[in-house]
Amino acid sequence: MQWLKPLRRRRRYIEISESIREHLEEKIADLIDDGMTRAEAERSACHEFGNVTLIEERSREVWQWSALESTYADLGYAARNLRKAPAFTIACLFTLALGIGANTAVFSTINTILFHPLPYKDPSRLVLLSESLSMESSNDVGVSAQEYLDYRSQNSVFSETAAFETTDFNLTGAGEPRRINAARISASTLPLLEVTPELGRNFSPDEDRYGSDRVVLLSHALWQSQYGSAPDIVGKSIRLDETAYTVVGVMPASFRFPLDGAPLSERASIWLPMAFAPNLLSPDNRTMEFGIGLIGRLKPNASLQQAQTEMNQIANRFMRQYGYSGTIRVSPHVYLFSDHSVERARPLLILLATSVLCLLLIATANTANLLLARASARTQEMAVRLAIGASRPRLIRQCLAESSLLGFLGSIAGILVAILLVAGLKHFGPTSLPRLQEVAIHPIVLLFAFALSLMTSLFFGFAPAWRLSRVAPQASLRGARQVSSDRGGQRLQNSVASAEIALAFVLLIAGGLLLHSFTRLLESPFGFNPQNAFTVRTVFDHVRYPDSIKRDIVQKQLLDRLTRLPGISAVAEASHLPLSDTRQIGFRLEHAAQDDFHMAENSLVSPGYFHAMGITLIAGRDFTLDDRRGSTPVAIINQALNREFFPGQNPIGQRFHWGDRGTFTIIGVAGDVHISSLDTDSPPMIYLDMFQIESGVSGKTAFILRGKAAGPELLPAIREQVWSVDKELPLYEGATLQSLISESLAQRSFTLVLLGAFAVIALLLASVGIFGVISYLVGQRISEFGVRMALGATRSQITNLVLSRGAKIALTGCLCGGVLSAFASRLLLTSLYRTDWYDPAMLCIVPLLLFVVVLLASWLPARRAAATDPMHALRNE
Amino acid sequence: MDMRIAQDIKAGSNDLLQIEEGSLYPALQRLLKAGFLKSEMGLSARGRSVRVFKLTPAGRKRLEEERSSFEKMFAGINRVLTVAQS
């Protein structure tokens, strides 16, 4: 009959009360018999008996599972108390929810992006090797095929090495023609990663040889979407760039090598054998092509440092042996593979983590201040309870029950906020953040949030609880304000409030600097006109168009048809577009030393490209239809290349060599355009005529259409025109030039919005905190104000008195904030574009803003203080 | 009906042992819970109907145990003190 227990217990409690009452009555009757009056007898009986309430409670406790049940009772009492003070409760929960929610969301993101283990065996032993050329602009070019073989055969630190390279193909013969991303991987890759196909098998080493490499592994996603998860896909043949390949297996869905951190659209859909082409392996072509990634698994006893040292030795050996000289010298770098995939996101995440921690500190300080203020408001209540027999540990326990209940509710609210924030983050976050779509609130982070919230409230609940349990009952009951004895508490509250202001100061400065840098970025010229321009890509692959002359004819025909679309004024083509893809070529100026190579960005463009893009031609002429295959090779350079290589000279007519493709004459200089991102300066660039030059990227092309009608709506019309010429041409990545700019700015605007939001929340929380402290102060000193006014102080003097307290807090806060932000802004430096961390305007605006907010927050309590009725206050005294 | 208990302790010890009457209550509740006592309605010396506490057989046994162990301890202490005196 376990469920009857509470009922039986209730009866037991009644019995206890009754037997005590019987006891007292009997005693009183005895004493009256002894000759006392009734009143005397009652007093004497109670005196001899002791504290009735306390004894009843002790007797009841015998029947309780004491700890558990009194905790339960305390929590119930705490809940009732919180409900009775809705303003305090809401302020506290709001603060905790924001602080904890924002932290849970940001740390979940960081946990997923930075600390998510790669789906390979022992990923911390996997390293990536990449070389940089001694020219500073060419970092991480990968390695060349022969260098890979040297590193592979000569090292002693890796148990296995593998090579990979990303590429892409036209997939035809299964629905609409599609452009798909692919990776070439050596046969050793899967054993190295310790991954096996979920269907079929890995490439054999024999298939990793040029000529016998027509085999392919499919991604789980491609197998699902394109082949309906057909179980008999292994052994079937698919068409890539008009060539048949045999499917040997399907990889599991978790396999994303080599771009583990890349967004969905960039991940490989198929993997093919590396199978180095024979010309790459001929000794003359040792440094012809880099771009191969080398991945190695460290032996159990080898360290990253050892690997780096050994790679340096190997590189020095082959550079000596093959006579690397001048600008072609390489230096190898060894990274952890897992670091490499998230490298670009790291500064952003660290910035977010720091600012969200600031927010958490503010929220914590706010909760502490609210609890302190509430404690002082309850001094009298506690005094009464002490006077009627409550023990001090009991009171402390009750206060802690209240703050931990707050903490618990706060963390629930915080988790709800976090869920909302994560959903928002996935929706609005930049796609350049790797693994953003997989961000989930991890149990560990959840536990962290709970612990954080409970610790915050317990820690900050304990101080007021301790103080409360030590109030002197008589003093409080008499109504005397303990102004003097409470100085310490006030100083604590003031410094907590100042700290909040200081942190809000730091966040506001950071937000301001980012905003400043963002506007700088938008104001800096793009170099091209992003308005009214639409681009779409296609590929004329070599198998389908083996003859370049024929391809030229089709391309020109297409350009002609597209120009005639209504609302289109100019159409051109380019192999590479600014802010979307890049390619570099090595060149040597005429008459320069044999080993004096330099790198430049390169794009193959059609005549009219500069007009269609809105790039100014500063000097010389554009390509024309007269620049054809066989005529003198010509090139247009940009201003950056002109500045660097022809200072004070006329570049027109100068010549340079590009590998074995010939000597090019410069015919024009074009304006600078941002290539990789808006915040990097334009690198030197060489434009070549796509109808004159054949290269590895010929056939890969983007159409640029300019005109009123240019936009995504035009895509069906474009498709109709393109497919009327060739039905097998895939059209992909349709985008306006404007969207290229906003994509390039996505990470920045995201950081800006997030940090701005943090700063605003911080300001809000800090103002709530100040309001709490000043209100508390006014409550404490209300009778003092009454006395002052009775002695002749005016209302405005009282108002000023209160406001000056607020101002003092703001001043201290701003001073500390100024010092803190001097350190904190250095963290921002990498995210700033042409903005100094020391920004005088910002250092004026932010303190001013904080002062206004603080004064506003102190205004309401100050008015209450000034409205004190002196008579009323004095009567209470 | 523990008013008498307190008085009996006081009287039985020749006023040597005095206890605050109220402090008996938690102790009585503990004995009740352990099953050494039972409570039932009875009559007080003044003829009122009140709750009275009675020892259960288990309680009586425990009392015997406690008393003998107390006597042993007391005898021990007594012997030690006698030796120390001589």
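Colleague: Is A:Glu694 buried, partly exposed or exposed?

Modeller: Buried means under 20% relative accessible area, exposed means over 50%, and partly exposed is in between (1.4 Å probe, protein chains only). A:Glu694 has 31% relative accessibility, so A:Glu694 counts as partly exposed. This is a predicted model: local features need pLDDT of at least 70, side-chain atom pairs count only at pLDDT 80 or more, and totals for chains, interfaces and linings use all residues. Residues are numbered from 1 along each chain as its sequence is written, chains are lettered from A and ligands numbered from 1 in the order in which they are written, and side-chain values use heavy atoms, with hydrogens and water left out.

Colleague: Which residue does A:Glu694 meet in a salt bridge?

Modeller: A salt bridge is a side-chain nitrogen of Lys or Arg within 4 Å of a carboxyl oxygen of Asp or Glu. Here the partner is A:Arg551, at 2.9 Å, N to O. The pair links distant parts of the chain, 143 residues apart: A:Glu694 sits in the loop between strands S19 (685-689) and S20 (700-706), A:Arg551 in helix H18. Helices (H or I, at least four residues) and strands (E, at least two) are DSSP runs, numbered from the N terminus. A:Arg551 is buried, with a relative accessible area of 2%.

Colleague: Which residues do salt bridges with shared partners join into one network?

Modeller: A:Arg537, A:Asp581, A:Lys700 and A:Glu733. Within it, A:Asp581 and A:Arg537 pair at 3.0 Å between the closest N and O atoms. Both A:Asp581 and A:Arg537 are buried. Over all chains, the structure holds 27 salt bridges.

Colleague: How far apart in sequence are the parts tied together by A:Glu242 and A:Arg544?

Modeller: The side chains of A:Glu242 and A:Arg544 form a salt bridge, 3.3 Å from N to O. A:Glu242 lies in the loop between strands S6 (237-240) and S7 (243-250), and A:Arg544 in the loop between strand S11 (533-539) and helix H18 (548-563), so the pair ties together parts that are 302 residues apart. A:Arg544 is partly exposed, at 29% relative accessibility.

Colleague: Now the interface. How many residues of chain A are in contact with chain B?

Modeller: Contact means heavy atoms within 4.5 Å. By that rule, 23 residues of chain A contact 22 residues of chain B. Buried area is the accessible area (1.4 Å probe) that two parts lose on being put together, summed over both. The two chains bury about 2100 Å² between them, 51% of it on carbon and sulfur atoms. In chain A, A:His23, A:Glu26 and A:Val62 lose the most area to chain B, together 29% of what that side buries.

Colleague: How many salt bridges cross the interface of chain A and chain B?

Modeller: The rule finds zero.
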